[in-house]
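This briefing covers the nonpolar core and the sheets of the structure shown below.

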Amino acid sequence: NNSFAIVVAGDNIQLNATVADVADLSRLSNIAVELYFDWGGPLEDLLETSQSNSEGLVSFNALIPSNTVPGYYELRIFAPDDLTDNLDDENAGRWLNNETYVNLTVQVPSTIDINSIPSEVTALQSFTISGIVMDSVDNNRTIQGPVDLEIFFLDDPEEILVSDFTTNNNGSFSVSVPTDVTGDGITSGVKTLIVSVVNDSSPFYLTGTGDSSILVRGISNFI
């Protein structure tokens with residue numbers, strides 16, 4: 001049966017499997033087992049070979065390279081034919097090959113480049129920003145979007161100005177941002193605007209942020 005795992009590129013993936021005889025489910029020790037990455041794909045590679053212990057347990061602790069493109073991959077856990085035992089020996093046994101698979105999701109951190117924002121805005125008015133969400137490991141890789149964004153001022157992170165805004169498939173975005181969504185007023189001055197990727201809005205990209213400054217001009221009032 002297929003299993004599922006998630007790993008960040010550049011980290012190790014730890015997997016355990018139990019090797020047993022198909023006929024009677026008895027645990028098998030000293031069985032060589034191979035772990036393959038991206039089985040049947042363009043990045044197919046033997047990651048690690050391990051051996052089952054006295055309880056039939058085999059463990060892997062394999063590095064997923066940091067330059068791995070985020071996405072879905074298939075891991076193959078494979079026990080080759082074991083036909084070398086002399087059948088006259090005590091506890092001898094011979095086993096044909098078998099395999100199981102793990103569906104692996106590889107993730108990477110994200111970052112955000114805000115490429116257009118006005119230098120100032122009048123309090124209680126909206127302004128438009130644009131930018132792009134990028135793969136922070138390799139900025140030249142177009143992301144596999146879309147992802148969701150939230151936007152807030154650094155000095156008031158509890159007031160989310162924009163929530164769950166969905167980018168284009170390539171991560172680009174253009175969004176109108178209000179300066180005060182709760183109606184409780186806003187202080188004037190230079191503020192730092194934070195644009196953040198919403199956690200778990202993409203299977204491939206961890207949350208990341210971008211920031212830029214904008215001057216909020218106050219409005220005089222007569223009392």
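**Core and sheets**

L104 touches A5, I6, V7, I13, F37, I64, G71, Y72, Y73 and L75, not counting residues up to four places away in sequence; contact means heavy atoms within 4.5 Å. This is a predicted model, in which local features need pLDDT of at least 70 and side-chain atom pairs count only at pLDDT 80 or more, while totals for chains, interfaces and linings use all residues. Residues are numbered from 1 along each chain as its sequence is written, and side-chain values use heavy atoms, with hydrogens and water left out.

**Nonpolar core**

- The largest nonpolar core has 48 residues, and I13, L104 and I129 have the most contacts inside it.
- Such a core is a set of buried Ala, Val, Leu, Ile, Met, Phe, Trp, Tyr and Cys residues joined through side-chain atoms within 4.5 Å, where buried means under 20% relative accessible area with a 1.4 Å probe, protein chains only.

- β1 pairs with β7 (residues 98-107) in the parallel sense over six bridges; pairing requires at least two DSSP bridges between the strands.
- F4 stands opposite N103 in β7.

**Three-stranded sheet**

- A further open sheet of three strands runs β8-β10-β13 with antiparallel pairing.
- Its edge strands, β8 (110-116) and β13 (172-178), each pair on one side only.
- β10 (residues 126-135) and β13 are joined by seven bridges, and G131 has F173 in β13 as its bridge partner.

Technical notes: Buried means under 20% relative accessible area, exposed over 50%, partly exposed in between (1.4 Å probe, protein chains only). Helices (H or I, at least four residues) and strands (E, at least two) are DSSP runs, numbered from the N terminus.
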